[in-house]
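Today I went through the salt bridges of one model. My notes follow in the order I looked things up.

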Amino acid sequence: MTSASDPSGSAPVLIVGGSLVGLSTALFLARHGVRCTLVERHPGTSVHPRAVGYYPRTGELLRQAGVEDAAVREASGFATHRTRAGVTSLAGDVLFSKEELEGDDDLGDLTPSRLLLLPQDRLEPLLRARAAELGADLRFGTELSSFAEDPEGVTAVLGDDSGTHTFRSSYLVACDGPRSTVREALKVPRQGRGVLSRHVSIAFGADLRPVLGDRRYSVVHVQNPQVTGILVHDDTLTGGTLIVGYRPEDGESLEDFTDDRCAELVGAAVGAPGAGVTIRSRFPWDMAEQVAERFVHGRVLLAGDAAHVVPPTGGYGANTGIADAHNLAWKLALVVAGVAGPGLVETYDAERRPVALYTAEQGSLQLALRSGKATPEQRAAVADAVTVTSGQAYRSAAVVAEPGGADLPVASDPRALRGEPGTRAPYALLSRDGAPVSTLDLFGRDFVLLTGENGRHWLSAAASVSAGLGVKLTARRVVRGTGGGAGTLADPDGTWSERYGGLRPEGAVLVRPDGVVAWRSPGADPGGAEAAVLEAVLRGVLDRG
């Protein structure tokens with residue numbers, strides 16, 4: 001360990017916070033070949049279940065990073081945990097019952113990924129292992145003491161059991177949670193409804209098999225004279241988490257939640273005296289709607305709960321944070337490599353802040369709906385989960401809007417989207433050399449240009465522009481039918497063009513490394529200047545002037 005006066009510790013990116021979003025940031029950066037160092041004050045990953053559900057779009061992002069298969073295997077025991085219910089207790093009366101993400105089995109036309117139920121304490125080790133495998137420097141038991149930014153980067157003071165040292169980075173990404181010390185040090189204000197209520201999550205062990213029988217719940221709302229709360233059980237049926245509220249304004253405090261009281265609350269929620277309740281851990285948290293007024297502060301970037309706190313109704317918080325990390329990683333990778341100008345990082349705020357505001361509002365609307373207090377206007381404004389997580393539309397300098405194109409809302413039904421610039425590139429199942437290939441598996445590392453079967457001029461333009469700008473750009477021709485020759489993408493069902501907005505055979509679409517459409521042309525350039533057009537597009541997206 002170096003001393004505090006030795007500035008030798010350095011990496012292009014320093015990540016503060018090693019929970020779900022911090023680990024995702026390290027994972028996505030490492031996948032793009034960026035040297036990054038993550039510091040986390042706790043000795044290891046989360047010991048508390050915390051977030052549980054991940055929507056298909058998050059699965060797509062994990063798929064790109066090589067984690068989805070491991071996560072699906074780890075989550076296999078939760079495959080049948082799809083029922084949200086209200087009960088007097090697990091052993092008592094069922095007040096209501098509803099299937100989660102109804103229609104999920106019908107998403108095959110939209111995505112190859114599925115809803116994942118997996119407690120955060122079991123997902124984080126998978127992210128950690130993959131990030132380390134890809135070369136990320138992960139330092140648990142290390143804390144950020146202070147930092148100072150300047151026009152060229154950030155100097156941080158880090159400390160662990162052996163002392164302190166300085167660390168130099170071009171950028172600092174704050175993933176240090178809702179009480180972010182980084183955000184507070186920057187004095188970045190937050191907007192929104194603020195703290196709505198205070199809660200404590202109680203992780204417990206208990207034999208739930210006799211009371212559950214063949215029932216499997218994703219979420220259980222418990223209400224009886226002894227306890228009101230939300231219970232989630234694990235796939236072993238020998239434990240779970242109970243979430244209950246407390247009211248400081250009425251004199252209640254966290255100190256009131258002793259092991260004995262927590263065991264009483266869990267026992268009342270289970271409703272079976274012989275369950276043998278033990279308390280594993282407690283985790284206090286605030287239900288809040290708060291979004292930072294800016295996500296980019298010079299060389300310091302806010303992500304996850306440091307940037308936005310979303311009411312957990314709807315389960316959007318963790319999904320939104322992982323999407324922050326994914327949006328930011330490719331931009332940082334190109335900027336620190338000198339391929340893009342610093343303005344590309346600035347687009348992180350322009351793209352993710354509107355999404356955070358929208359998602360936080362959706363969480364609050366879900367809260368009103370599930371509490372039975374929603375007005376007719378609020379009920380009408382509630383969007384389904386797939387729209388919230390997969391139907392987002394970005395507007396920024398990293399997206400080239402179409403002349404006369406529709407001004408899309410922040411989120412739309414993804415089935416109604418047709419590859420408009422700023423939206424998730426649609427899924428289509430193609431084939432290459434006789435083997436099926438998803439369009440989503442073409443994206444995630446470099447820029448990708450897809451053309452119709454008569455788009456050879458765009459292919460040659462892509463090769464020259466890629467070489468001239470030093471930008472990695474993969475160009476592929478999509479041929480209707482089953483032919484096209486070795487390496488060509490075939491569209492046997494003829495759906496690709498329609499899903500991408502009815503591109504003509506000579507048209508093209510440019511997809512960013514994050515799988516978002518940057519630009520498209522319905523046909524060839526009228527003046528035959530495809531190379532000039534494509535170069536101008538990439539220069540704009542990359543802040544190259």
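I took a salt bridge to be a side-chain nitrogen of Lys or Arg within 4 Å of a carboxyl oxygen of Asp or Glu. The model is a predicted one. By that rule I count 27 salt bridges.

Entry one, a pair within a helix. I looked up Glu133 and found a salt bridge to Arg130, with the closest N and O atoms 3.2 Å apart. Both Glu133 and Arg130 belong to helix α4, residues 120-133. They are three residues apart, which is about one turn of the helix. I noted Glu133 as exposed, because its relative accessibility is 59% and the cut-off for exposed is over 50%.

Entry two, a pair in a loop. I found Asp407 in a salt bridge with Arg395, the closest N and O atoms lying 2.9 Å apart. Asp407 and Arg395 are both in the loop between α11 (385-390) and β19 (429-432), so this pair ties together parts that are 12 residues apart in sequence. I checked the accessibility of each partner. Asp407 is exposed at 65% relative accessible area, and Arg395 counts as partly exposed at 43%.

Are Asp514 and Arg512 buried or exposed? I first noted that their side chains meet in a salt bridge, at 2.7 Å from N to O. Asp514 has a relative accessible area of 2% and is therefore buried. Arg512 is buried too, with a value of 0%. I then followed the shared partners: salt bridges join Lys331, Glu351, Arg512 and Asp514 into one network.

Conventions:
Residues numbered from 1 in each chain as written. Predicted model: local features only at pLDDT ≥ 70, side-chain atom pairs only at ≥ 80, totals over all residues. Heavy atoms only, no water. Helix = DSSP H or I, 4+ residues; strand = E, 2+ residues; numbered from the N terminus. Buried < 20%, exposed > 50% of the residue type's maximum accessible area, 1.4 Å probe, protein only.
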